[in-house]
Amino acid sequence: MLPYMEQVGVVVRGWLESSGLSPSAVARRAGVSASTMHRILNDLVDPSIGALREIALACGIQVDLTARPLSDPQAAAAARALLEGGRSEERRVGKECRSRW
C-alpha cells in the first residue's frame, strides 16, 4: 500500500453510504469482483484510477483527476526516494535537496 493511498477505503465507504447501495451491488455495477471491492474497502490494495472511477460512477459520484506541475521537482524526487526506499539516482537528488535546507 502506498502511503498516499491509505484512506481510499474510507473514501469509498463514504461513496457507498451516500449511494445507499451495498458493496456487492456497487461491485456488480462497477464491473469489479466482490473480493476486489472488499480489498479496496479494507485498504489492502492500491486500486487503479479506472477501478475507482467505475466504483464512483456506480455510486453516483463523479471523480475528477487533475494533473499539475510540481512546485519543486527535486523535492518530489527526494520524497519519492524516502517513501520508496530510493534508487541511487533518487538518493543523489535527495541529498542535493537536503543540502539546500
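User: What is pLDDT, and what is the mean pLDDT of the protein chain?
Analyst: pLDDT is the predictor's confidence in each residue, from 0 to 100. This is a predicted model. The mean pLDDT of the protein chain is 83. Of its residues, 77% reach 70 or more.

User: Where in the protein chain is confidence lowest, and where is it highest?
Analyst: Start with the general rule. Where pLDDT is low, the predicted coordinates should not be read in detail. Here, helix α6 (residues 88-100) has the lowest confidence, at a mean of 53. Helix α2 has the highest, at 97.

User: How many helices and strands does the protein chain have?
Analyst: There are six helices and zero strands. Along the sequence the pattern reads α-α-α-α-α-α. Take contacts between residues at least 6 apart in sequence: 57% of them join residues at least 24 apart.

User: What share of the residues counts as buried?
Analyst: The cut-off is under 20% relative accessible area. Of the 101 residues of the protein chain, 30% count as buried. The chain exposes about 7,000 Å². Carbon and sulfur atoms supply 55% of that area.

User: Which residues of the largest nonpolar core touch the most other members?
Analyst: The general idea comes first. In soluble globular proteins, nonpolar side chains tend to be buried together. In this model the largest nonpolar core has 17 residues. V12, W15, V26, V32, M37 and I55 touch the most other members. Helices α1, α2, α3 and α4 each supply at least two residues of this core. The most come from α4, with five residues.

User: Which residues does M37 touch?
Analyst: Leave out residues up to four places away in sequence. M37 then touches V12, P23, V26, A27, V32 and I55.

User: Which residues of helix α4 are buried, and why do they line one face?
Analyst: In α4 (residues 49-58), the buried residues are A51, L52, I55, A56 and A58. Seen down the axis of α4, they fall within an arc of 160°, so they line one face of the helix. These buried residues pack against α1 (8-19), α2 (23-30) and α3 (34-41).

User: Take A58. Is A58 buried or exposed, and which residues is A58 in contact with?
Analyst: A58 is found in helix α4. Its relative accessibility is 13%, so A58 counts as buried. Set aside neighbours within four places in sequence. A58 is then in contact with L21, V26, R29 and A30. A58 and L21 are 37 residues apart along the chain. Their C-alpha atoms are separated by 9.1 Å.

User: How many salt bridges does a search of the whole structure find?
Analyst: Side chains of opposite charge can pair when their charged atoms come close. The search finds one salt bridge. R53 forms it with E54, and the closest N and O atoms are 2.8 Å apart. R53 is partly exposed, at 44% relative accessibility. E54 is also partly exposed, with a relative accessible area of 30%.

User: Now the backbone. Which residue has a positive phi although it is not a glycine?
Analyst: That is D43, with a phi of about 55°. D43 lies in the loop between α3 and α4. D43 is partly exposed, with a relative accessible area of 23%.

Note on methods:
Residues numbered from 1 in each chain as written. Predicted model: local features only at pLDDT ≥ 70, side-chain atom pairs only at ≥ 80, totals over all residues. Heavy atoms only, no water. Buried < 20%, exposed > 50% of the residue type's maximum accessible area, 1.4 Å probe, protein only. Helix = DSSP H or I, 4+ residues; strand = E, 2+ residues; numbered from the N terminus. Arc of directions from axis to C-beta. Contact = heavy atoms within 4.5 Å. Core = buried A, V, L, I, M, F, W, Y, C linked by side-chain atoms within 4.5 Å. Areas by Shrake-Rupley, 256 points an atom, 1.4 Å probe, with all protein chains shown as cover. Salt bridge = Lys/Arg side-chain N within 4 Å of Asp/Glu carboxyl O.
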